[in-house]
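Please go through the model shown here together with the briefing that follows. The points are grouped by topic.

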Amino acid sequence: MGQLLSRNSIHHPPQVLLIGLDKAGKSTLLARLLTGELMETSPTVGFNVGTLDLENNGALTIWDIGGQSSMRPNWKFYLEGSKALVFVVDSTDPARLPEAQKVLRNVLREEYLRGVPLMVLANKKDLPNSMTIREVSKHLDLVNYQDRSWEIQGCSALNGMGLQQAFLSVEKLIKKS
Ligand code: G3D
């Protein structure tokens, strides 16, 4: 506990970017996952970073770079050096899936993310009206991403279901890439 990370930490674990529309559940997820303290940044920068210790003694540095539209132009500044992208989707909100699909497509066009593995987290699976993994994949056009490895898993940032498994899979995707 109490570990404060900086971008210049000497032994830094692989950097993972956490992206998603606002309200997808990124802050909830990060708050539940992180063992270290969140590094609060100024509201103008508006992102959180922290370390995630995995059950297998591995670790990942997670950057939550915000989902509000006003923050999106800043995303690309954090892409360099990222080893994986985690895209969080609210699986109870089909109305916003087209927007999520566009945002994902655009971010994956970035040169820095060429070949970087993708994990889609279909969040809020604790709610009865959540869509199936198949439905979310279809809406996000995941089959079209043949130029990188990707996976999709359901989770609940609220009760923690599926999170450790998902990030262990992220670690595996990084090792394979
Ligand atoms: P963001 O950081 O992506 O913008 P937040 O999203 O983490 O702020 O979450 C947005 C809302 O969704 C919050 O509710 C939060 O409690 C809820 N939420 C996040 N993850 C889950 C989940 O897995 N299950 C359920 N049931 N709710 C979740 P409020 O009411 O504060 O807006």
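**The ligand and its surroundings**

A backbone N or O atom of alanine 24 lies 3.2 Å from an oxygen atom of the ligand, a polar contact in the sense of a pair of N or O atoms within 3.5 Å (within protein, one must be able to donate a hydrogen and the other to accept it, and residues adjacent in sequence count only if both atoms are side-chain atoms). The protein covers 67% of the 650 Å² of accessible area that the ligand has on its own, with areas taken from the Shrake-Rupley method and a 1.4 Å probe, where for residues only the protein chains shown count as cover. The model is predicted, and local features need pLDDT of at least 70, side-chain atom pairs count only at pLDDT 80 or more, while totals for chains, interfaces and linings use all residues. Residues are numbered from 1 along each chain as its sequence is written, and side-chain values use heavy atoms, with hydrogens and water left out.

**Ligand shell**

- In the side chain of lysine 26, an N or O atom is 2.6 Å from an oxygen atom of the ligand, and a polar side-chain atom of lysine 124 lies 3.0 Å from an oxygen atom of the ligand.
- There are 15 residues around the ligand, of which Lys23, Lys26, Ser27, Thr28 and Asp126 come nearest; a residue is near a molecule or strand if one of its heavy atoms lies within 4 Å of it.
- Helix α1 (residues 26-33) gives the largest share of this shell, 3 residues, where helices (H or I, at least four residues) and strands (E, at least two) are DSSP runs numbered from the N terminus.
- By class, the shell holds 5 nonpolar, 5 polar and 5 charged residues.

**Nonpolar cores**

- Leu85 and Leu104 touch the most other members of the largest nonpolar core, which has 28 residues; such a core is a set of buried Ala, Val, Leu, Ile, Met, Phe, Trp, Tyr and Cys residues joined through side-chain atoms within 4.5 Å.
- Two or more residues of this core come from each of β1 (15-20), β5 (84-90), α2 (97-108) and β6 (118-123), and the largest share, 6 residues, comes from α2.
- Leaving aside its neighbours within four places in sequence, leucine 104 is in contact (heavy atoms within 4.5 Å) with Leu85, Phe87, Leu118, Leu142 and Tyr145.
- Apart from this core lies another, of 24 residues, among them Leu54, Val86, Val88 and Leu121.

**Buried residues**

- Glutamine 15 in strand β1 is buried, with a relative accessible area of 13%, where buried means under 20% relative accessible area, exposed over 50%, and partly exposed in between (1.4 Å probe, protein chains only).
- The side chain of glutamine 15 makes a polar contact of 3.3 Å with the side chain of serine 82, and serine 82, in the loop between β4 (59-64) and β5, is buried at 5%.

**Positive phi values**

- Most residues other than glycine have a negative phi.
- Lysine 124, in the loop between β6 and α3 (133-139), has a positive phi near 70 degrees and is partly exposed at 22%.
- Aspartate 141, in the loop between α3 and β7 (150-154), has a positive phi near 60 degrees and is partly exposed at 31%.

Key. Nonpolar A, V, L, I, M, F, W, Y, C, P; charged D, E, K, R; others polar.
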